[in-house]
Amino acid sequence: AMYPYRVSIDGHPLTVIASDGFYVKPIEVESVIIHPGERFDFLIRATKPPGNYMIRGHTLEINRRTVAEAVLHYEGADQNFQNVSSTRQQCFPSKKCLVLNCPFTFYPDDQNIQCITMDAVRSADSGGGVPDGQRNTLREYFLNFAFPGPDFTPDSINGVEFTFPSVSAISQPTEITNQCRTANCSEQNVCSCTHSMDLNPNDTVQFVFLNMGRGRGWSHPVHMHGHSFHVLKMGYGVYNSTTGGFISQNSDIDCQGGTSQESSLCNNATWSDPSWSNGNAPGLNLVDPPLKDTIIVPSGGYVVVRIRADNPGLWLLHCHIQLHSADGMSILLNESFSNLPAVPKGFPKCGNFGGEGMYHKENSEGTVIMH
């Protein structure tokens, strides 16, 4: 619900074969970092001497460490699990430990760990299937996941704290009373409303997820309902290679607003180089990028993903850290809404308890018959 875990099994390399339900070209690593909402499939080979080997899940916190552990038990080995010895792989300059899915590009030098980021992973689907911006209209949107206000509040996307509608938005859209067009939202202001984004049918949609500006914070695992997306590129902040300390945010992004990256709310970001716009950013993997539905957006950096808007509905896009999502770091993708079938006649209505929006049902003449 909160923290990423680095997962490993003593003495057993992990051969990762899938993420979020989609096969990738196998990659052997010492450990994999799993952020809230992510799933990984991996294989191990039980070729070690019969014994007991620790399965480790450790968070990445600096001043404390949350630990989840279990035992991989070989048949015939000692049943006394209290005396399991540590056989964790040692990491050396000549043989660094490979770690998949880091929320940064490297660990400090003295840890002898080599990071493999998700945009370096390749899909096992040779067909690719990346939505083409040449044959379909390509729309590009920048979404900044941040805490831009005073005292790092609110949890928001582009400065908007998401408030859930008090009714079923997909069947009662005209009854939503707190849409953002009535709120005081702007490039250098924060607001609170039912935040939504309209997507046109069959458009190729490229999102640039950011974690930048004055509200830059934790790396955010961003999860999309209704789609899996192609991860085309990741950009990271600049860090000190010795200490791992943060130096600066990624310069590929212009947060705009007439201020520096560190002071801007980054509610209306774009590429620093205008020629990168509309799907022309260099370094996009359009051949075999991994498919995922949850991706880490690194602190001070960005991720470029792409979908085809071909699934009519209202889909929630949100940070999968439970606290952040509950406090407003969400948005609704209002996708091809006009292509949804009509609400069936007599379909029940629902809403918050008490007062306006109470559950009720109407008969064929429109008369309320139940509360």
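Mentor: Gladly. A disulfide is a pair of cysteine sulfur atoms within 2.5 Å. Keep in mind that this is a predicted model.

Trainee: What makes Cys91 and Cys97 a disulfide?

Mentor: Their sulfur atoms lie 2.0 Å apart, and the cut-off is 2.5 Å, so the pair qualifies. The angle about the S-S bond is -95°, and this link of Cys91 and Cys97 is left-handed. Both Cys91 and Cys97 are buried.

Trainee: How many disulfides does a search of the whole structure find?

Mentor: Five. If you number the bonded cysteines of the chain in sequence order, the pairing reads 1-2, 3-4, 5-8, 6-7, 9-10.

Trainee: How do you know that Cys180 and Cys193 are joined?

Mentor: By the same test: the S to S distance is 2.0 Å, which is within 2.5 Å, so Cys180 and Cys193 form a disulfide. With 90° about the S-S bond, their link is right-handed. This pair links distant parts of the chain, 13 residues apart: Cys180 sits in the loop between strand E12 (160–162) and strand E13 (191–193), while Cys193 belongs to strand E13. Cys180 and Cys193 are both buried.

Trainee: And what about Cys185 and Cys191, how far apart are their sulfur atoms?

Mentor: They are 1.9 Å apart, and Cys185 and Cys191 form a disulfide. The link of Cys185 and Cys191 is right-handed, with 100° about the S-S bond.

Trainee: Why is Cys191 called buried?

Mentor: Buried means under 20% relative accessible area. Cys191 has 8% relative accessibility, so Cys191 counts as buried.

Trainee: Then why is its partner Cys185 called partly exposed?

Mentor: Partly exposed covers the range between the buried limit of 20% and the exposed limit of 50%. Cys185 has a relative accessible area of 31%, so Cys185 is partly exposed.

Trainee: What makes Cys350 partly exposed?

Mentor: The reasoning runs through the relative accessibility of Cys350, which is 37%; that value lies between 20% and 50%, so Cys350 counts as partly exposed.

Trainee: Is Cys319 buried or exposed?

Mentor: Cys319 has a relative accessible area of 0%, which is under 20%, so Cys319 is buried.

Methods: Residues are numbered from 1 along each chain as its sequence is written. This is a predicted model: local features need pLDDT of at least 70, side-chain atom pairs count only at pLDDT 80 or more; totals for chains, interfaces and linings use all residues. Side-chain values use heavy atoms; hydrogens and water are left out. Buried means under 20% relative accessible area, exposed over 50%, partly exposed in between (1.4 Å probe, protein chains only). Helices (H or I, at least four residues) and strands (E, at least two) are DSSP runs, numbered from the N terminus.
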